[in-house]
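Reader: I would like a close look at a single part of this protein, with its surroundings. Please keep to what the model shows.

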Amino acid sequence: MKRVVCAVLLMAVATAAVSAPPEFRRGVNVHEWLNWAPLQADGSYRWPPYQPVSEWLEAERPLEDWPEGDPFVSIRSMGFDFVRLTVDPGPLLASEGARRQEALDVLEAAVTEVLAAGLAVVVNLHGNSQVPAYGMDVVNAGAGSPQIAQYRQMSVELAAMLAGLGTDRVAFEPFNEPAHYPCDAGGSDDWQQIMSSTVAAIRSVSTEIAIVATGACGGSITGLVDLEPGFDDENVLYSFHMYEPHLFSHQRAEADSWFASGLPWPASAGSAESTVASLRAWMDAAGLTEAQQAQNLAAVAGYISEYFAEGWGQAQLDARMDEAVAWAARHGIPPARLFMGEFGAILMSRDGRRGAYDADRLRYLRAVREAAEHRGIAWAIWEYSNPHGMTVIVPEGPAVPDLELLEALGFAQ
């Protein structure tokens, strides 16, 4: 009889493990709400941790600029079906026992709030550097380190809580853009061990919750195709971030006083000469002297030349996406379980110091989105309300949707 019971239990576990993950299609990252847990004057986390929605919104712009109502209902009304909710792991790592449970309770309420708006949720642990002891050095430690063991145990507790909220609408992504360079045979297998052991640990508390796994090398396609998914089951999704070419998506100079903007998309839509002319016009408007302009142009000449030499356009985007699809095919993973968890581009700032012209940004976003959708890959744009030029609402004034951007994302207006 005991053998029969055990066999039945094993069959139940196996059946649960192959149930379909939630269906994510078009999502948006919400980063500023829970990803920067407020600190006290002494640098420790404020307790209870994290911040309410009102505090998050008020930090972005005056509260009167925000329309009345639930921002997550607004997100749903734009057409998004899920939110990738980034969460600071610091308060969880800095606590244990009843205190950690208090932090988990706050997160449970937050996820429940998003779910109530009709959105599915990917909860992503997204390390930051504001408290170095709990920053990315933890994730980037060796596979056998005490830091990784602590992080893995914390992840298991969070996964158990999330599984109770409904595995048909919630997924868990325990890492964001791990480093573990170099991305070639010269690298160690630390990341392989970390990702594999974390999936196994989460599966010990839930066979049904969808897990979003990632490769190393900053969560890039290069890192993904280096991953061996021996831990795979039908409830595992595989993430990559698409900010390629980085020279276009993150146009900004090393020094705040410099100008580095105006590269076109695709590269064939402009030239090095027209980009330099644009920069000169912005610098003239800012009152820079000829000497200052020459210094600025000398500082950015290398990346301008590199961008046009590489000649980025649709063909390169397609080739990179196809690398991910080919990797998945080799391992018997359908493209529907690939997950483009971040993509975006900085909008040109009002003073022209950074970012892309809006027309180029919109062409790029449309191209990346269409390349993913053509391959059946779910996506989440970066992000909902970003004060640094990557946002689906207008960057200043009343917090209303950027309608041209939503159109580029395929939402009928």
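Author: The model is predicted, with a mean pLDDT of 93 for the protein and 94% of its residues at 70 or more. The stretch you ask about is residues 1-18, where pLDDT stays under 50 and the model has nine contacts beyond four places in sequence.

Helix α8 covers residues 190-203. Its 14 residues should span 20 Å at 1.5 Å a residue, and the end C-alpha atoms are 20 Å apart, so the two values agree. The buried residues of α8 are W191, I194, M195, T198, V199, A201, I202 and R203. An α-helix has 3.6 residues a turn, so residues three or four places apart point the same way.

β6 leads on to strand β8, with which it pairs in the parallel sense over five bridges. In this pairing S239 stands opposite F339 of β8. β8 itself spans residues 338-343 and is mostly covered, six of its six residues being buried. β8 is also joined to strand β10 (residues 378-381), again in parallel, by two bridges. Here F339 has A378 of β10 as its bridge partner.

Key: Residues are numbered from 1 along each chain as its sequence is written. This is a predicted model: local features need pLDDT of at least 70, side-chain atom pairs count only at pLDDT 80 or more; totals for chains, interfaces and linings use all residues. Side-chain values use heavy atoms; hydrogens and water are left out. pLDDT is the predictor's confidence in each residue, from 0 to 100. Contact means heavy atoms within 4.5 Å. Helices (H or I, at least four residues) and strands (E, at least two) are DSSP runs, numbered from the N terminus. The expected span of a helix is 1.5 Å times one less than its number of residues. Buried means under 20% relative accessible area, exposed over 50%, partly exposed in between (1.4 Å probe, protein chains only). Two strands pair if DSSP finds at least two bridges between them.
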